[in-house]
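Hello,

Here is the structure I promised to pass on. Please open it first, then read the notes below.

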Amino acid sequence: MSLENDPLDFRSDTFTKPSAGMREAMARAEVGDDVFREDPTVKELEERVAGLFGREASMLVPSGTMANLIGIALHCQRGDEVIMERRTHSFAHEVGGGAALLGVLFNVLDSPNGIIGPEQVRAVIRHKDVHEPISRLVVLENTINLAGGRVVPLEQVQTFRRLTSERDMRLHMDGARIWNASVAGGTPLSEYAAEVDTLSCCLSKGMGCPVGSMVIGDSADIERARWYRKMLGGGMRQAGVLAACGLYAIEHNLPRLAEDHAQAAELAEGLRRVLDDRHKVQDPETNILMVHTDGQATTEETLTLWYQLGIMALPLSDTMIRLVTHIDVPQGGAAEAIRRLEKSKSG
Ligand SMILES: Cc1ncc(COP(=O)(O)O)c(C=O)c1O
């Protein structure tokens, strides 16, 4: 099938639309009022996800933002300090909810590749002194979106686990794309989940669902999480139609994520060939690919050309473009994008 006239949308894996199979699963879903815990499909999803991650319990929430906010609420009191890398979604892109709604203090650290080291964190942990806030929580993101879908290796998470246990702190992982980290690095989801107090993951990104994220942890934490979800307005009624998408995605879409990683690698290889030397293409580890421009070539100039060719990507700054591969990029989509760019260069 020719893709010649199809738009190629690499803006984000959040743009995916529920497939026909997923919509059928929604239509068939048995539902009830989930605030009363009477939705059998939500219960099934929550048990399935808890099992997959090897933890006691999980809870469906409308978004990754709410999942992370609840993660912070579970561990922190007002005035407590949360430590994370500067590019972490909870700090960079969640509207300051932790500060605005929970009253926590963010302490953000810099790193060259998005991954902070435990020694860096150790250096800023407060010594229980009456003048200082209490350092309570470390948040790690995996994969790291703004660092180009980088995978945080299990060993790195383990060093943080040791540090937080030693210092009476908690560890939360924003695993919006933990599925991709697990597939790319071959680390089972349960091994990551065993090292953290709580974990969030998204169904609405590479997994292809229209809505939904999960908070995962011990039963006691997830029970308290239900109160926070209700408080934040996230109690949903016949949410089984959404949970059915999650169950469908675990069965049908999780096993295909490696295809997205392969398309990202193909795209990177092709872009390196066709873009001029004002562009630097970062090696993708998963489904996210960053192209850095040197300031002479602006992202606007580059993206204007791409859009004319039906290739969509997102500018993250004046010098950074993000491309994301996902289930709605057709097979051969990466090759087609490169073909169009090559043609426009030669023509
Ligand atoms: C790493 C990461 N965490 C959390 C979120 C928030 O998810 P949502 O858009 O469902 O609130 C995103 C969204 O893109 C993300 O990339």
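**What was found**

In this predicted model, C201 stands opposite M214 in β8. That places us in the pairing of strand β7 (residues 198–202) with strand β8 (residues 213–217). The two run antiparallel, and 4 bridges join them.

**The cores**

The largest nonpolar core has 53 residues. Within this core, L45, F53, L60, V121 and W179 touch the most other members. Which helix gives the largest share? Helix α11 (residues 240–252) does, with 8 residues. There is also a second, separate core of 21 residues. V274, V291, W306 and I311 are among its members.

F53 is worth a click. Leaving aside residues up to four places away in sequence, F53 touches I178, W179, L189, S190, A193, L199, C201 and I216. Note C201 in that list: this is the residue opposite M214.

**Aromatic pairs**

A search of the whole structure finds 2 aromatic pairs.

- F53 and W179: the ring centres are 5.5 Å apart and the planes are at 75 degrees, so the pair is edge-to-face. F53 sits in the loop between α2 (40–52) and β2 (57–61), and W179 sits in helix α8 (residues 178–185). The pair therefore ties together parts that are 126 residues apart in sequence. Buried or exposed? F53 has 1% relative accessibility, so F53 counts as buried. W179 is also at 1% and counts as buried.
- F91 and F106: this pair is edge-to-face as well, with 5.8 Å centre to centre and 70 degrees between the planes. F91 lies in helix α4 (residues 89–92) and F106 in strand β4 (residues 105–109). They are 15 residues apart, and the pair links distant parts of the chain. F91 is partly exposed, with a relative accessible area of 31%. F106 is at 18% relative accessibility and counts as buried, because the cut-off is under 20%.

**A hairpin**

Turn next to strand β12 (residues 314–317) and strand β13 (residues 320–324). They pair in the antiparallel sense over 3 bridges. How many residues join β12 to β13 in the hairpin? The link is 2 residues. P315 stands opposite I321 in β13.

**Domains**

The chain is divided into two parts. Domain 1 covers 8–15 + 256–346, and domain 2 covers 31–252. Their centres, taken over C-alpha atoms, are separated by 29 Å. The two domains do touch: 17 residues of domain 1 are in contact with 18 residues of domain 2.

Best wishes

Technical notes
Residues numbered from 1 in each chain as written. Predicted model: local features only at pLDDT ≥ 70, side-chain atom pairs only at ≥ 80, totals over all residues. Heavy atoms only, no water. Core = buried A, V, L, I, M, F, W, Y, C linked by side-chain atoms within 4.5 Å. Buried < 20%, exposed > 50% of the residue type's maximum accessible area, 1.4 Å probe, protein only. Contact = heavy atoms within 4.5 Å. Phe/Tyr/Trp six-rings, centres within 6.5 Å; stacked < 30°, edge-to-face > 60°. Pairing = 2+ DSSP bridges. Domains from an automatic or database assignment.
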